[in-house]
Amino acid sequence: MGMMENSAIFMAPLLLRNTVTSLLVYADKSILVLAEKYKVLAIFRYLVIASFLFFLRLFPSFSQSLKADDDYTFNSTQSSGYFVGYGGVGDSGIGRALSQLLWSVNDIPVSSSKYGIVRSLAERLIEENNKEDIEALREMNRTVLSAAFSRTLCLVEAAMVELGQGRVGHYGAGFGPVCYQLNRLLRAVGVGSGRVGVSRSGNSAEKLVAELLWLAEELAGCGFEEEAVERWASASNLAALSLSAEPRLQGSLVKVSAFLVKQMKDMDSEESEEGSRQTKMKMLTSWLPLLCRGSNGADMPVLSLSERAELEKILEDTIGMLQHEEQEQVLSLWLHHFTHCPSSDWPNLHASYARWCTTSRKLFLPPLKM
């Protein structure tokens, strides 16, 4: 009886942590859209994120004070609340296990020998769930991986702000002051290292971005690439921060963008035409500036010549699917960043620009008389 009581006490903070995480991840989707238009909501969003990070920082010491590691015993029949996971899918042992593994991947330093073990376990679990061809297991993979991707996005953004990479120029005007306020708040509460992956070194943010790419690949492997595409396309604040990031970090972000742009080209059959076009528009306006500025990397190009050619073709085809006014917006954004970045000549979308000019010129022609 005592062991059951101790387990319940130990599980309570874990239940609370995961419940709060689920609420934050799903609420942030709605706030993000409005925050792009209203500065007050943008500040509110960052206050919420900072409070959440502070909560995570307090959590380890609180949970460890309840129960020492050497006294911990896990009993699956008594742990229905151990890892509620993301979005309420963790009401089974396998769901809680996958949630716990994905949390741990973010938390463990990549230099630790445990990192590879935990990540391999997560990959094995995802693959075995997918192979079973059971819809409930596939849905579990989708929901847990999607929320893990959203959580990691949040951590990357917070890490970049903490690193002082909130200086935004022409692109993303008005965002810098919000980042500066969050940066001061993060330093005030002492969120600077450890569990949430925010540190003074660039390695932490770079590690988290590598994990974003890994999660995107896992989602694509399960057939749910649209989950990662939609979240990455909506991450306009992170995209603005990326323009002032250090070259190595920019290169990592370019790799994620390139992978998800490739996945985006096959989304038409899975979404409504209008929804697909909006997602593509957001992807281009958010991440095209980084592709122009960050594709060279620190020491060598981030993408190979074949990858660049393939991605350039996808970008041209995607722009061609947009409405005339949307094409103007995207191509104007491309031209600004393409011409203001002397170290890069990619992506070269001059063919798309020429086609748009030709179409625009035809609008002046008188209509044919019948």
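Student: Okay, how many helices and strands are in the protein chain?
Tutor: The protein chain has 14 helices and zero strands. Helices (H or I, at least four residues) and strands (E, at least two) are DSSP runs, numbered from the N terminus. This is a predicted model, where local features need pLDDT of at least 70 and side-chain atom pairs count only at pLDDT 80 or more, while totals for chains, interfaces and linings use all residues. Residues are numbered from 1 along each chain as its sequence is written, and side-chain values use heavy atoms, with hydrogens and water left out.

Student: And how much of the protein chain is buried?
Tutor: Buried residues are 51% of the 370 in the protein chain. Buried means under 20% relative accessible area, exposed over 50%, and partly exposed in between (1.4 Å probe, protein chains only).

Student: What about helix α10, is it enclosed or exposed?
Tutor: Largely enclosed by the rest of the structure, because 15 of the 18 residues of α10 are buried. Helix α10 covers residues 247-264 and reaches 25 Å from its first C-alpha to its last, close to the 26 Å expected at 1.5 Å a residue. That expected span is 1.5 Å times one less than the number of residues.

Student: Switching to rings: how many aromatic pairs are there?
Tutor: The structure holds four aromatic pairs. In one of them, the ring centres of Trp334 and Phe338 are 4.9 Å apart and the planes are at 25°, so this pair is stacked. The rule is that rings of Phe, Tyr and Trp (its six-membered ring) pair if their centres lie within 6.5 Å; planes under 30 degrees apart count as stacked, over 60 as edge-to-face and the rest as tilted.

Student: Where do Trp334 and Phe338 lie?
Tutor: Both are in helix α13 (residues 324-339), four residues apart, which is about one turn of the helix.

Student: Which kind of pair do Trp334 and Tyr353 form?
Tutor: A tilted one, with 6.2 Å centre to centre and 50° between the planes. Trp334 lies in helix α13 and Tyr353 in helix α14 (residues 350-362), so the pair ties together parts 19 residues apart in sequence. Trp334 is buried at 3% relative accessible area, whereas Tyr353 is partly exposed at 27%. Trp334, Phe338, Tyr353 and Trp356 form one aromatic cluster.

Student: Which helix gives the most to the lining?
Tutor: α3, with three residues. α3 (93-107), α5 (135-162) and α7 (202-221) each supply at least two residues of the lining.

Student: Which phi does Asp133 have, positive or negative?
Tutor: Positive, about 55°, although Asp133 is not a glycine. Asp133 sits in the loop between α4 (113-131) and α5.

Student: Is Asp133 buried or exposed?
Tutor: Exposed, with a relative accessible area of 66%.
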